[in-house]
Structure formats: structure tokens, C-alpha cells
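Reader: I would like to go through this complex with you, one question at a time. Could you show it to me?

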Amino acid sequence: MSASDRDVIDSLALERNGLAWQRTAMSWAAAGCAVTRYFARGGLFTIRASIGYLMLAMGAMIWAEGARRYHRQAKVIRAGQPITAPAFVIRSVGYATTLVVVAIITIELRRW
Amino acid sequence: MSGEVRGPERSATVLFMVDTAGRSSFGRADDSLTAPGVRQRWWRRNELPGTEPDARFTFANERTFLAWNRTALGCVVAGLAVSHVLKPAEGSNVGPKIAGLALMVLGGLLALFSHGNWAASQLALRLGRPLPRSPLPMFVSIVTAVVAVAAALYTLLSTG
């Protein structure tokens with residue numbers, strides 16, 4: 001396989017990754033809208049509603065990070081350097097998701 | 001065995017551990033292999049040992065993590081919808097609430113374990129080992145099936 005073939009394969013994989021980040025950002029935004037709608041019935045400026053706003057903000061951050069990574073890694077591929085895994089970002093997204101889910105479950109249980 | 005490092009320059013702390021047969025287990029890997037006197041910055045402290053794998057494998061692993069993350073979010077929102085939207089015309093609505101809670105808990109567990117799954121797979125890729133078997137697909141299938149059957153039974157019983 002030539003170097004240019006390799007670049008094409010890696011670039012296409014990177015593109016799929018960029019789209020996956022955008023889909024994830026949209027999922028966060030949609031979930032944030034749904035959660036805000038459910039939790040903001042008592043008012044827009046409540047702690048419960050802020051979970052939804054937090055999810056919307058997460059969506060924005062994931063979108064920005066996905067776009068940043070896409071452009072940065074495209075340069076890395078063109079330079080022929082190895083791609084590094086985004087350990088910190090993935091860890092942050094994983095923990096943030098867990099925290100948000102725990103917060104939602106806690107609010108739901110208190111409403112019972 | 002987990003987090004095995006042949007060089008002294010990296011440390012590993014992962015949620016899943018991978019043994020020589022490619023099996024994974026939940027736990028904390030040994031991170032005592034950092035070279036003495038070398039302090040890693042806190043955001044790099046969990047870097048995995050080994051060498052960078054093929055970029056396609058790294059990308060594929062990242063996409064898989066993102067897919068699990070979306071699945072976790074979907075479970076949470078589905079749980080909220082089930083517990084709020086499926087209200088019976090009369091009587092108690094404990095059934096939908098329990099089903100919704102089960103879905104939300106499933107979402108939380110997926111969010112937690114998907115990160116460990118990513119770390120275990122990345123570690124296996126970097127060390128050139130077989131990928132660990134993930135328990136997540138079976139777990140999701142079982143919980144989804146149980147919730148679906150319970151919801152169907154509840155619907156039948158509440159309308160009949």
C-alpha cells in the first residue's frame with residue numbers, strides 16, 4: 001500500500017470520526033432539550049432545569065472538540081505522523097455522562 | 001495481568017484490565033511502572049503503555065466509544081419518556097416509573113463502562129493483544145428485552 005493510499009484510508013476514517021463526534025453532539029443537544037422540557041416545568045431558572053442546560057453546553061463542547069480534533073488530525077495525517085488517542089477527552093466525556101445520568105436519576109427519585 | 005509496560009516512560013490506570021487471553025475484568029491497573037522521578041502532568045497521567053496502533057484502529061475504537069455514549073444518552077431519554085409519558089388512565093403508575101428508572105440506570109452504567117471498554121480496547125491495541133470481550137452488548141440486550149417484556153405486559157394488563 002502506498003503512502004497516498006494510506007492517507008486516503010486514514011482521512012476517510014477521520015471523516016467518519018468527525019461525523020461521529022457531530023452525531024454525539026447532536027444527541028447531547030437533543031437530550032438536553034428533552035431534559036430541559038421535562039425538568040423546567042417549575043421554572044426555567046431552577047437547579048433541575050440547569051441539568052438540561054448543562055447537557056446543551058456539553059453538546060456545544062463536544063461539537064467544538066470534534067471539529068478541533070478533525071482539523072488537527074487531518075494535519076497530522078498529512079504530515080505522516082502517528083495519530084494519538086484522545087484519552088483525556090474520552091475520559092472527560094465518559095465521566096461527564098455518568099455524572100449527568102446520576103443527577104437525572106437523583107432528581108427523578110426525589111420526585112417519586 | 002494489566003497495564004504491562006516494557007518501557008519505563010508511561011503509566012497506566014484503566015478501568016478494565018486485559019489478561020493474556022484477551023479477557024477483560026473491571027479493576028484498576030498497576031501504575032507503578034512510571035520511571036522514578038518522572039512526574040506526568042495530571043491530564044496525561046492515565047496514558048496507556050505500548051506503541052501507537054494503526055490510526056484506523058484508534059479511530060474505530062473512538063467511534064465505538066462515541067456510539068456507546070449516544071446509546072447511554074438514548075437510554076436516559078427513553079427512561080424519562082417512559083416514566084413521564086406512559087401514564088395509565090387510572091391507578092398507580094409505578095410500572096412505567098420502574099421501567100423508566102431501569103432504562104436510566106442502564107444509561108448510567110453504559111456511560112461508566114463504555115469508558116473502561118474504550119481504555120481496555122486501546123490498551124490491547126497498543127500492546128498488540130487480542131481485543132477484550134465486552135460484556136456491554138449482552139448487558140444492553142438483556143435489560144432492553146426485560147424492559148420491553150415488562151412494558152408489554154403492563155400495557156396489556158392496564159388496558160385489559
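Questions and answers on the predicted model follow.

Reader: What ipTM does the predictor give the complex?
Author: This is a predicted model, and the predictor scores it as a complex. The pTM is 0.79, and the ipTM is 0.89.

Reader: What pattern does chain B follow along the sequence?
Author: Chain B has 3 helices and 2 strands. Of its 160 residues, 41% are buried. Read along the sequence, the pattern is β-β-α-α-α.

Reader: Which element gives the most to the side of chain B that touches chain A?
Author: The contact draws 35 residues from chain A and 34 residues from chain B. On the chain B side, the elements that give two or more residues are α1 and α2 of chain B. By class, this side has 17 nonpolar, 10 polar and 7 charged residues. With 17 residues, the element that gives the most to it is α1(B).

Reader: What span should helix α3 of chain A have, and what distance separates its end C-alpha atoms?
Author: The helix covers residues 87-111 of chain A, which is 25 residues.

Reader: What covers the buried residues of α3(A)?
Author: The buried residues of α3(A) include Ile90(A), Val93(A), Val101(A) and Ile104(A). Glu108(A) is also one of them. The cover includes elements of chain A and of chain B. They are α1 (3-39) and α2 (47-78) of chain A, with α1 (55-85) and α2 (94-127) of chain B.

Reader: Is Ile62(A) buried or exposed?
Author: Ile62(A) is found in helix α2 of chain A. Leaving aside neighbours within four places in sequence, Ile62(A) is in contact with Trp21(A), Thr24(A), Ala25(A), Trp28(A) and Val93(A). The cut-off for burial is 20 or more other C-beta atoms within 10 Å. Ile62(A) has 25 such atoms, so Ile62(A) is buried.

Reader: How many Å separate the C-alpha atoms of Ile62(A) and Val93(A)?
Author: Val93(A) is one of the buried residues of α3(A). Ile62(A) and Val93(A) are 31 residues apart along the chain. Their C-alpha atoms are separated by 8.3 Å.

Reader: Which element gives the most to the largest nonpolar core?
Author: The largest nonpolar core has 42 residues, and those with the most contacts inside it are Val35(A), Ala72(B) and Val76(B). Elements giving two or more residues to this core are α1, α2 and α3 of chain A, along with α1 and α2 of chain B. The element that gives the most, with 14 residues, is α2(B).

Reader: Which residue of chain B does Val35(A) touch?
Author: Val35(A) is among the residues with the most contacts inside the largest nonpolar core. Residues up to four places away in sequence are not counted here. In chain A, Val35(A) touches Ile51(A), Gly52(A), Met55(A) and Ile104(A). In chain B, Val35(A) touches Leu80(B).

Terms used
Residues numbered from 1 in each chain as written. Chains lettered and ligands numbered in written order. Predicted model: local features only at pLDDT ≥ 70, side-chain atom pairs only at ≥ 80, totals over all residues. Helix = DSSP H or I, 4+ residues; strand = E, 2+ residues; numbered from the N terminus. Expected span 1.5 Å × (residues − 1). Buried ≥ 20, exposed ≤ 12 C-beta atoms within 10 Å, placed from the backbone. Contact = placed C-beta atoms within 7 Å. Nonpolar A, V, L, I, M, F, W, Y, C, P; charged D, E, K, R; others polar. Core = buried A, V, L, I, M, F, W, Y, C linked by C-beta atoms within 7 Å.
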